[in-house]
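Morning, everyone. Please have a look at the model on the screen, and then I will walk you through it.

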Amino acid sequence: MTRRLLARPYAFALVLGLALLAANVIAEPSFGRPSNWPEELAAMTPFALVALASTPAILSGGGGLDISVGPLMSLANVVLVVWLLPSRLGSAAVAVPLVLLLGAAAGALNGTLATVLRFQPVLATLCMLFVFSGLAEAIGDQPTSAPPNFTTHLAHSLGPVPGALLLLVIPAAVWLGLRRTPFVRTLYLVGGDDIAALTAGVRVHRVRIAAYALGGVFAATAGIALTALVQAASPDVGLRYTLIALAAVSLGGTPLGGGRGGLLGSFLGAASIYLLQTLLGALDVTSTWLQLIYGALLASGAILSAQVGARPRRSRA
Amino acid sequence: MIHAAATPPAHDVTPSPTNAAPLLQVRDVAKAFGATRAVRAATFELLAGEVVALVGENGSGKSTLVKLLGGVHRADAGEIRVDGADLSTRLAPHTTHAAGIAIVYQEVLVVPPRSVLDNVWLGADGLLRERIPTTVKRAEATATLTALLGSPPNLDAPAETLSLSERQACCIARALVRRPRILVLDEATSALDVATRDRLFALLSSAVADGMGVLFISHRMDEVAAIADRVTVLRSGETVASLAREEASTDVLVRHMTGSGHLVERPAAGSGRPAPGRVVLRARSIALRPGCAPFDVDVRAGELLGLAGLEGHGQDDFIKALCGLAPARGAVTVEQDDGGTAGIAGPREAARHGIAYLPRERKTEAIFPTLSVRENFGLPTLGLDGRLGCFRARRTAARLAAFVERLSIRLAGAEAPITSLSGGNQQKVLLARWLATRPRILLLNDPTRGIDLAAKRDLYRVLTELADDGLAVVMLSTEVDELVELMDRVLVFRDGTLGATLAGESLGRQRLVSAYFDGSGS
């Protein structure tokens with residue numbers, strides 16, 4: 001049982017995450033108090049969701065990569081705060097589907113650029129990164145606080161349930177739902193070898209566009225989580241999230257080559273990075289050194305993770 | 001619904017109205033890539049219930065034609081009719097199955113990290129809709145793979161844990177489970193071991209009896225003779241002959257393929273060749289796998305030594321042990337010119353002591369696909385082309401020119417991308433790459449796999465000349481004919497150890513093939 005668990009690509013992130021959790025509790029005993037959990041979870045959720053948003057495009061292979069998910073999160077946040085919440089469309093039942101739809105459309109646009117129009121995915125999504133950032137800046141050019149709205153609860157608790165958990169349920173439910181269809185399996189097959197998939201009759205472009213769209217939906221969910229957390233328009237935070245999210249994906253055992261790894265790994269990778277940040281904060285590491293330590297740990301972590309996870313199994317005929 | 005039951009569907013017993021039209025009719029099909037006219041005028045017919053072999057040298061347009069049938073490329077001109085309906089402008093990879101066509105490509109197209117089951121049913125489902133229930137998928141995959149492999153497969157194992165032959169069996173099963181009416185096998189047998197190939201042929205003959213049409217492409221004349229009802233010959237993208245099985249002797253086919261009146265010149269084996277020189281490479285107490293009997297092998301200068309056996313019986317491990325890629329238990333030593341000896345424990349020592357190795361997987365292990373012919377040729381010997389620390393591309397080109405002539409490499413120019421060459425010519429460039437290092441021992445891992453007869457003939461001639469000049473040549477081969485005709489001595493591997501050594505009088509087809517099987521099974 002344990003051995004099978006350790007053979008998983010996310011094994012390293014799981015062990016690292018648990019170790020960092022323990023270290024956090026030792027360094028700052030209040031961290032372990034259940035009453036703090038909803039807030040901690042809410043602070044982590046936007047980042048974790050951006051990490052999830054980066055994953056499907058990478059899984060789809062062919063150099064697939066979406067670096068525009070961070071700014072897309074900001075765009076979703078700004079659209080929500082500036083346009084939807086103050087209007088009659090501000091209820092959860094209307095605003096959430098609209099924002100998710102925005103994410104899906106933006107993701108599908110990325111996917112179309114990267115597949116049908118054959119842009120290099122890094123370049124295509126780099127262009128869109130600027131476009132989304134620019135749109136977010138334009139819409140949220142005035143500091144805007146959110147009016148009282150449904151997301152307030154999401155940063156705290158809904159009864160006994162931490163609110164942020166509800167947002168994490170969205171990607172989990174979407175993913176589990178898709179696993180009941182051939183989509184997820186096909187996504188991994190396309191990521192593993194697109195020529196084999198194409199010649200077997202898989203509509204590779206469609207699968208990849210759907211993967212980017214799925215990432216867009218997750219990024220929009222991150223936008224809702226961000227709104228819940230800051231209750232204001234923050235058009236400029238997304239950019240920072242993008243690259244750290246890639247680190248989380250890689251730490252979680254999803255190689256950039258595609259076809260291996262998965263969402264759970266990215267979540268665990270994101271959780272590890274978040275816990276590392278809080279630990280360094282709790283240990284009063286000066287912010288001057290924070291980035292350096294952080295980078296070094298990530299580099300070693302990503303290397304170790306690649307060694308522990310995705311071990312290539314060679315044929316012994 | 002593609003199909004609903006695990007049992008083979010009843011094939012139409014009643015003659016269909018379109019019975020008059022051939023199952024597949026290709027007429028004057030043409031396809032050009034830029035200035036290269038890969039297919040000029042291909043014409044042939046395939047009837048239900050027959051096997052048509054498509055033969056031709058590499059570069060004759062066979063693979064392009066297959067890609068047109070698979071909808072990977074679209075024909076510039078001509079007709080591709082299935083049951084009389086012209087599909088030439090409508091074929092796409094996702095529509096070929098609906099048209100009843102299934103294709104197995106020469107490249108072994110599996111998705112390495114995914115399960116055997118997923119690989120077999122790749123492409124059968126829609127984006128969100130599962131078209132075939134999992135239980136049916138498992139039953140069908142098990143039945144087909146058992147028939148191909150001789151034993152039930154582990155459907156949940158990742159494809160990357162399988163041998164090359166088993167992976168190709170997955171690709172063939174992928175085509176068969178879709179129950180095509182037209183099955184195209186593009187060199188699909190070259191990656192199969194002999195036993196799997198024979199099981200495939202048995203499977204095909206029963207499917208053909210049920211009305212399937214098979215388009216069979218192979219460079220192996222024995223395979224063509226074994227299963228083809230008719231043979232169509234392509235030369236430079238044009239159909240030059242369509243022959244019944246009785247007319248299609250190897251000599252006749254070769255004449256049509258090459259366009260010349262000359263038959264294959266069999267290289268003079270053994271008899272006319274000088275006796276081998278002194279021992280240059282010693283392998284002592286080699287144990288390829290735990291528990292396998294250790295054995296010794298000496299390789300002599302000027303010798304052509306063949307390595308043979310069924311796929312996965314140790315010959316591949318042995319050649320990799322000789323070049324230090326996968327050291328085995330035991331010792332491999334090189335006799336140096338000054339009389340000393342040196343152990344080989346890794347590829348660097350092997351290279352330093354004059355051992356050159358040409359790997360099996362040309363596409364992934366040997367060529368640099370983005371580089372030119374010259375760059376591919378010159379990489380290990382760049383040091384020769386420097387002057388005062390500056391690299392001179394012209395010198396490489398000059399050195400290459402000598403090999404182009406000697407090996408009869410056909411290429412547009414030294415700066416053309418390596419991928420613009422046919423497989424046989426790529427292989428010659430790679431051979432030139434290693435010959436340029438002036439090796440004393442040349443190791444070749446199945447160098448003629450998937451290359452055409454003319455290129456093979458060139459290769460045989462060159463290898464014989466090299467051996468006459470004192471080079472020790474060790475060549476793993478899966479082709480019985482070339483082992484028998486070309487080699488001085490053949491080592492047959494069985495179950496991870498040396499099973500038999502054949503040379504001189506004992507080196508004949510029958511003896512060789514029976515040596516593959518002796519001791520295994522019974």
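What share of the contacts in chain A with a separation of 6 or more comes from residues 24 or more positions apart? It is 80%. Two residues are in contact here if their C-beta atoms, placed from the backbone, lie within 7 Å.

Some ground rules. This is a predicted model, in which local features need pLDDT of at least 70 and side-chain atom pairs count only at pLDDT 80 or more, while totals for chains, interfaces and linings use all residues. Residues are numbered from 1 along each chain as its sequence is written, and chains are lettered from A and ligands numbered from 1 in the order in which they are written.

Chain A, then. Chain A has 13 helices and two strands. Helices (H or I, at least four residues) and strands (E, at least two) are DSSP runs, numbered from the N terminus. The C-alpha atoms of chain A fill a box of roughly 65 × 45 × 40 Å along the principal axes. A compact globule of 317 residues would have a radius of gyration near 20 Å, and chain A agrees, with 19 Å. That radius is taken over C-alpha atoms, and the globule rule is 2.2 Å times the number of residues to the power 0.38. Of the 317 residues of chain A, 53% count as buried. Buried means that 20 or more other C-beta atoms lie within 10 Å of the residue's own; exposed means 12 or fewer, and partly exposed is in between, with C-beta atoms placed from the backbone.

A:Arg118 sits in the loop between helix 5 (92-114) and helix 6 (121-139) of chain A. Its phi is positive, about 55 degrees, although it is not a glycine. Most residues other than glycine have a negative phi. A:Arg118 counts as exposed, because it has 10 C-beta neighbours inside 10 Å.

On to chain B. Its domain assignment gives domain 1 (17-258), domain 2 (270-354 + 439-522) and domain 3 (365-438). Such bounds come from an automatic or database domain assignment. The C-alpha centres of domain 2 and domain 3 of chain B lie 26 Å apart. Nine residues of domain 2 of chain B touch eleven residues of domain 3 of chain B. Helix 14 (residues 453-468) of chain B gives the most to the domain 2 side, with three residues.

Last, a sheet in chain B. Four strands form an open, antiparallel sheet in the order 12-11-14-15. Two strands pair if DSSP finds at least two bridges between them. The edge strands are strand 12 (295-300) and strand 15 (341-343) of chain B. Strand 11 (residues 279-287) and strand 12 of chain B pair over five bridges. There, B:Leu281 stands opposite B:Val299 in strand 12 of chain B.
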